[in-house]
Amino acid sequence: MKVSFEEINIGDLLSADVINPNGAILARKGEIIDSETVRRLKLWGVTKINIHVPKSVLKAKVEEKAEETQEITTGINKVMDIILHTAKKIKSQRSVKGG
Amino acid sequence: MTLEELKKIIDGITDLPSLPSVIVKVMEVLNNPKSSAQDVKKIIENDYIQTVRILRVANSSYYSFPQKISTVTTAIVLLGFSEIKNLLLSSSVYDFFEKNKGEKQFVFSQTKFLDHSIGVAIAARTIGEFISYDEPEELFVGGLLHDIGKVIMHQFMEEDFEKLIKNVIKTKSLMYKKEKRILGYNHPEVGMMLAKKWKLADKISDMIAYHHRPFLSKNYKREAAIINLADCIARALEIGYAGDDQVPIVTTKVFSLTGLKIRDIKPLMQETEIKFSETKTLFSVKSNL
């Protein structure tokens, strides 16, 4: 999966060599990405790198994103509707009781 | 920042709070199948505050035992080993929050932050009761600890944390959505590292690490989803303050992971509201002594 540096998660591994325009290897496949690697790659103007993400994690991420996007764009999320509605009610009762 | 860098920082904090020795000893004893209630009692009785708390909780309406419980041994026998363990853990965490309160000026009220943590803990335990979860007290511990990473960040990565808070307030965003971009790490990651350092159970550590992304947990998706929902409920009810005033969205898919029914939401929230003030008094032993 190709990602920008901001999206790198802890424990991520490089899934492909990163090569500069001269063909020199900047970072090797399988390497754990640390701040030194990031600094070096940024210096070479690299903006995205390939990282290895286990399939299950990838699937979960995609599904989660799709669902969140759908619920935000359509505004259909019964769970949130009820939570916010109930919260409003409870809070108004609270202010009555509390005086 | 990467895992290794963050780990270095965390490892480098020499005064990183450790779990109180009483809970460490109790955990050791409880993990030994040959242990008896007497063994556990011996350790707890040396700690006055813990003794008071255990008796107070054992006599609370939460358990509503018919007669008054006046000894630690009876409490252990009636509540069971794991319940006592979770209770002590909650109690230690509470002290941890309290102890870290006075030393530095928090960018937001620490009392309100503790309230948020207690609110999430109660909501999580209440969810556990609704779905007949085996050990609801474990969910309570997870809720209490879910934002522990924020405490560490405030205490030991102060500059980063202030920068983050300022941005979060200015842009009206959920802290979690911003930290990775601004700092390179986030509070669930920091919290997870502390949980590992404290050698807490994987279930607790996953509740901390994945409370914003339950589907990423390998073995404890349901528990992480429960904390995700509990966090949303506590924020919607404005119980305490977690560093930003956003209510995170619980997706319908995460909700269905918890095992709750839509019709459970209303009574669940009402129960959380009632239990909040009650539970707070149970823990505040020190101020009453």
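Modeller: The side chains of A:Lys91 and B:Glu238 meet in a salt bridge, 2.8 Å from N to O. This is a predicted model, in which local features need pLDDT of at least 70 and side-chain atom pairs count only at pLDDT 80 or more, while totals for chains, interfaces and linings use all residues. Residues are numbered from 1 along each chain as its sequence is written, chains are lettered from A and ligands numbered from 1 in the order in which they are written, and side-chain values use heavy atoms, leaving out hydrogens and water.

Colleague: Why is the pair B:Glu238 and A:Lys91 called a salt bridge?

Modeller: A salt bridge is a side-chain nitrogen of Lys or Arg within 4 Å of a carboxyl oxygen of Asp or Glu. The closest N and O atoms of B:Glu238 and A:Lys91 are 2.8 Å apart, so the pair meets that definition. The pair crosses between chains, from the loop between helix H14 (221–236) and helix H15 (252–258) of chain B to helix H3 (residues 78–98) of chain A. Helices here are DSSP runs of H or I with at least four residues, strands are E runs of at least two, and both are numbered from the N terminus.

Colleague: What makes B:Glu238 exposed?

Modeller: Exposed means over 50% relative accessible area, buried under 20%, and partly exposed in between, with a 1.4 Å probe and protein chains only. B:Glu238 has 53%, so it is exposed. A:Lys91, at 24%, counts as partly exposed.

Colleague: Why does B:Arg125 count as buried?

Modeller: Its relative accessibility is 7%, so B:Arg125 counts as buried. Its salt-bridge partner is B:Glu129, with the closest N and O atoms 4.0 Å apart. B:Glu129 is partly exposed, at 32%. Salt bridges that share partners join B:Arg125, B:Glu129 and B:Glu137 into one network.

Colleague: What separates B:Arg125 and B:Glu129 along the helix?

Modeller: They are separated by about one helical turn, because they lie four residues apart in helix H7 (residues 110–130) of chain B.

Colleague: How do you know what touches A:Ile83?

Modeller: Contact means heavy atoms within 4.5 Å. Not counting residues up to four places away in sequence, A:Ile83 touches several residues of chain B, including B:Leu229, B:Cys232 and B:Met269.

Colleague: What makes a set of residues a nonpolar core?

Modeller: Such a core is a set of buried Ala, Val, Leu, Ile, Met, Phe, Trp, Tyr and Cys residues joined through side-chain atoms within 4.5 Å. The largest has 92 residues, and A:Ile83, B:Ile44 and B:Leu145 have the most contacts inside it. A second, separate core of 14 residues includes A:Phe5 and A:Val18.

Colleague: How many residues of each chain are in contact across the two chains?

Modeller: 34 residues of chain B are in contact with 31 residues of chain A.
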